[in-house]
Amino acid sequence: MSKQDSYLTIASPSEGLYKDKGSKFIGMAYPVKDLEEIKSILQELALLHP
């Protein structure tokens, strides 16, 4: 018998901010289930952070 792969995922959207030497780095993580959901999130983020 082979063991099935299992994965953990995040439960809700999350955001992190790091500032260094006048630069700002934004990290975002979203739980998604399919490619369409990813595209939708990326379009929304592109409007917020051009």
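This briefing walks through the fold, the hairpin, the aromatic pair and the surface of the structure above. The model is a predicted one. Its protein chain holds 1 helix and 2 strands, and the order along the sequence is β-β-α. With a radius of gyration of 16 Å, well over the 10 Å that the globule rule gives for 50 residues, the protein chain is more spread out than a compact globule.

**Overall shape**

- Taken along the principal axes, the box filled by the C-alpha atoms of the protein chain is roughly 55 × 25 × 15 Å.
- Of the 50 residues in the protein chain, 4% are buried.
- For a sense of distance, take Lys3 and Glu44: they sit 41 residues apart along the chain, and their C-alpha atoms are separated by 38 Å.
- Lys3 belongs to the segment before β1, and it counts as exposed because its relative accessibility is 78%, where the cut-off is over 50%.

**The hairpin**

- Strand β1 covers residues 14–20 and strand β2 covers residues 23–29; the two pair in the antiparallel sense, over 7 bridges.
- Together β1 and β2 form a hairpin, with 2 residues between them.

**The turn residue**

- Lys21 lies in the loop between β1 and β2.
- The phi of Lys21 is positive, about 50 degrees, although this residue is not a glycine.
- That is worth a look, because most residues other than glycine have a negative phi.
- Is Lys21 buried or exposed? Lys21 counts as exposed, because its relative accessibility of 81% is over the 50% cut-off.

**The aromatic pair**

- How many aromatic pairs does a search of the whole structure find? The search finds 1.
- The partners are Tyr18 and Phe25, at 6.2 Å centre to centre with 35 degrees between the planes, and the pair is tilted.
- Tyr18 is partly exposed, because its relative accessibility of 48% falls between the 20% and 50% cut-offs.
- Phe25 is partly exposed as well, with a relative accessible area of 47%.

**The nonpolar patch and the helix**

- Which residues make the nonpolar surface patch? Tyr30, Val32, Leu35, Ile38 and Leu42 make it, and its area is about 420 Å².
- One of these residues, Leu35, has its place in helix α1, which spans residues 35–48.
- Leu35 has a relative accessibility of 53%, so it counts as exposed.

Methods. Residues numbered from 1 in each chain as written. Predicted model: local features only at pLDDT ≥ 70, side-chain atom pairs only at ≥ 80, totals over all residues. Heavy atoms only, no water. Pairing = 2+ DSSP bridges. Helix = DSSP H or I, 4+ residues; strand = E, 2+ residues; numbered from the N terminus. Phe/Tyr/Trp six-rings, centres within 6.5 Å; stacked < 30°, edge-to-face > 60°. Buried < 20%, exposed > 50% of the residue type's maximum accessible area, 1.4 Å probe, protein only. Patch = residues over 30% accessible without salt bridge, like charges linked within 9 Å, V, L, I, M, F, W, Y side chains within 5 Å. Areas by Shrake-Rupley, 256 points an atom, 1.4 Å probe, with all protein chains shown as cover. Salt bridge = Lys/Arg side-chain N within 4 Å of Asp/Glu carboxyl O. Rg over C-alpha atoms; globule rule 2.2 N^0.38 Å.
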